[in-house]
Amino acid sequence: MDLAEDEDKKPKVRAINVDGTKNLADAAKAVDAKMVYISTDYVFDGQGTTPWEPDCKDYKPLNVYGETKLGGELAVSSTLTKYFIVRIAWVFGVNGKNFIRTMLNVGKTHDTVRVVNDQIGTPTYTLDLARLLVDMIQTDKYGYYHATNEGGYISWYDFTKEIYKQAGYSTKVIPVTTAEYGLSKAARPYNSRLDKRKLVENGFTPLPDWKDALARFLETLREEGELS
């Protein structure tokens, strides 16, 4: 995400997130196919404390990543009628890097860690999300949705404490503000609360509690020998 802010990277980011998405939407339209587009809370400005609703059009992306993901959303919605635009946040899964893996690695070598306590949202486990998307694509309940795990809104500090608790780490977690932690190149939203009521209203099963999702993810890491 931070790399997207580099001037020499911006054209590539736009080519992938906007132009590439438009190409996919055009292909879907040509064969009258449904399309699922995974988007992000970063299309909003991340201010306030009110959860963002799926059909909110108050777009004010904070960074290039958010701008281009919004561009992808608009490419889909302006091209197709049979689409699901699903916004997620704080994603983790078995493939690739994620916040949980980072915190586990840091916790192995540090007695204390500093984690921001003023950015609020809810994690999304890719396994749970995939199950929802399979159910969703089999319907004609098109439109915008928000999908993160259940269990309420938390901070990255709260998340880290639970990670270490479930992993059996004794690492101390110190809460700090975003300002105290130090700004990253790409601005991060303070408010990543996503309103997910539309899922239930349209008959979809909500994702499980994020603590349960974390437990299942950590168990997978143990089975693969990544976590002892």
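In which helix is Glu73 found? I keep in mind that this is a predicted model. I located Glu73 in helix H2, which spans residues 64-79.

Glu73 has a relative accessible area of 0%, and since the cut-off for buried is under 20%, I noted Glu73 as buried. I then listed what surrounds Glu73: leaving out residues up to four places away in sequence, it touches Tyr37, Ser39, Val43, Tyr59, Ile85, Arg87 and Tyr144.

**Helix H3**

I moved on to H3, residues 99-109, and found Ile100, Arg101, Met103, Leu104 and Gly107 buried. Looking down the axis of H3, I see these buried residues within an arc of 165°, so they line one face of the helix. A reminder to myself: an α-helix has 3.6 residues a turn, so residues three or four places apart point the same way.

I also asked what covers the buried residues of H3. The cover includes strands S3 (91-92) and S4 (112-116), along with helices H5 (156-167) and H8 (210-223). At the start of H3, I spotted a side-chain oxygen of Asn98 within 3.1 Å of the backbone nitrogen of Ile100.

**Cores**

The largest nonpolar core has 42 residues, and I found that Ile100, Leu104, Phe159, Ile163 and Leu218 touch the most other members. Another core lies apart from it, with twelve residues, including Ile88, Leu129, Phe204 and Leu207.

Last, I followed up Leu104. Setting aside neighbours within four places in sequence, I have Leu104 in contact with Ile163, Tyr164, Ala167, Tyr169, Leu218, Leu221 and Leu227.

Technical notes. Residues are numbered from 1 along each chain as its sequence is written. This is a predicted model: local features need pLDDT of at least 70, side-chain atom pairs count only at pLDDT 80 or more; totals for chains, interfaces and linings use all residues. Side-chain values use heavy atoms; hydrogens and water are left out. Buried means under 20% relative accessible area, exposed over 50%, partly exposed in between (1.4 Å probe, protein chains only). Helices (H or I, at least four residues) and strands (E, at least two) are DSSP runs, numbered from the N terminus. The arc is that of the directions from the helix axis to the C-beta atoms. Contact means heavy atoms within 4.5 Å. A polar contact is a pair of N or O atoms within 3.5 Å; within protein, one must be able to donate a hydrogen and the other to accept it, and residues adjacent in sequence count only if both atoms are side-chain atoms. A nonpolar core is a set of buried Ala, Val, Leu, Ile, Met, Phe, Trp, Tyr and Cys residues joined through side-chain atoms within 4.5 Å.
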